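User: Hi! Could you walk me through the fold shown here, one question at a time?

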Amino acid sequence: RRLIQELEESRRNEERSLQLLSRCNNALIRSESEAEFLERICRTFVEEGNYSTAFVCYLNRKGEALSEPISVTSREGVGSAEISEILDKLNDSNDRLLDRIGQERFLVFSGSDDILPRSISPEKRDHYRFLALVFLPRADHSSGVLGLYLDSNRVFLDARVLREIADDVSFGIRTLQMRQEQHRFLESLEH
């Protein structure tokens, strides 16, 4: 009986994962700009994927550390200030963090207090038990990270799914960057 329940739960997670991938791909189709796409991706992870918080940030100009978040969506009221605090902790904790993210394409941290902003109240800490950082290479040779906070390791911590999401989001970013370049080029021909 327990095995059947585990198999059913696994099937439901697989279905949710495929739906989430589909919604991410739909976000690309509906987006006109990289910023709009990233906003839709973050919203999709929170609203459809049941993550507590989703955010995107890029490397700073020196390529040394994660910068301020570009997009943040949270069902727990976490905003840019809290995400910046998390990024500061991650940047300080390990100078090789960015190399590891780039090599492994994603990292998962289990929810110890050192990856949580101090401003998150104790009653909300259960919503931040795991942090997944998904590597996002960009066409202009800079890199970014999609950060996902979740309250259970049973929700979409499938390595295959995270890799596919990273590939899809990176493809979306590159596609939108090329669309914008093409648009600028066509405008320059008209003038």
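Analyst: Happy to. Buried here means under 20% relative accessible area, exposed means over 50%, and partly exposed is in between, using a 1.4 Å probe and protein chains only. This is a predicted model, in which local features need pLDDT of at least 70 and side-chain atom pairs count only at pLDDT 80 or more, while totals for chains, interfaces and linings use all residues. Residues are numbered from 1 along each chain as its sequence is written, and side-chain values use heavy atoms, with hydrogens and water left out.

User: What share of the residues of the protein counts as buried?

Analyst: The protein has 191 residues, and the cut-off above applies to them. The share that counts as buried is 44%.

User: In what order do the elements of the protein run from the N terminus on?

Analyst: Helices (H or I, at least four residues) and strands (E, at least two) are DSSP runs, numbered from the N terminus. There are five helices and five strands in the protein. Their order is α-α-β-β-α-α-β-β-β-α.

User: Are α1 and α2 roughly parallel or roughly antiparallel?

Analyst: Two packed helices are described by the angle between their axes and the distance between the axes. Axes are lines fitted to C-alpha atoms, for helices over the stretch in contact, and angles run from 0 to 180 degrees between N-to-C directions. For α1 (residues 2-30) and α2 (residues 34-47), the angle is about 155 degrees and the axes are 9 Å apart. Angles under 35 degrees count as roughly parallel, over 145 as roughly antiparallel, 65 to 115 as roughly perpendicular and the rest as oblique, so α1 and α2 are roughly antiparallel.

User: Which residues in α2 meet α1?

Analyst: Contact means heavy atoms within 4.5 Å. On the α1 side, the residues are L20, R23, C24, A27, L28 and R30. Their counterparts in α2 are E36, F37, R40, I41, T44 and F45.

User: Why does F37 count as buried?

Analyst: F37 lies in helix α2. Beyond its neighbours within four places in sequence, F37 is in contact with C24, A27, L28, S31, V169, G172, I173 and L176. F37 counts as buried because its relative accessibility is 1%.

User: What distance separates the C-alpha atoms of F37 and V169?

Analyst: Along the chain, F37 and V169 are 132 residues apart. V169 is also one of the contacts of F37. Their C-alpha atoms are separated by 8.8 Å.

User: Which strands do bridges join to β1?

Analyst: Two strands pair if DSSP finds at least two bridges between them. Six bridges join β1 (residues 53-59) to β2 (residues 66-74), running antiparallel, and L59 has L66 as its bridge partner there. Six bridges also join β1 to β5 (residues 143-150), again antiparallel, with T53 partnered by Y149. The strands asked for are β2 and β5.

User: How many residues of β5 are buried?

Analyst: S143, V145, G147 and Y149 point one way from β5, while G144, L146, L148 and L150 point the other way. All of these residues are buried, so β5 is largely enclosed by the rest of the structure. The count is eight of the eight.

User: What is the relative accessible area of T73?

Analyst: T73 is found in strand β2. Leaving aside neighbours within four places in sequence, T73 is in contact with E39, C42, R43, V46, S52, T53 and A54. T73 is buried, and its relative accessible area is 12%.
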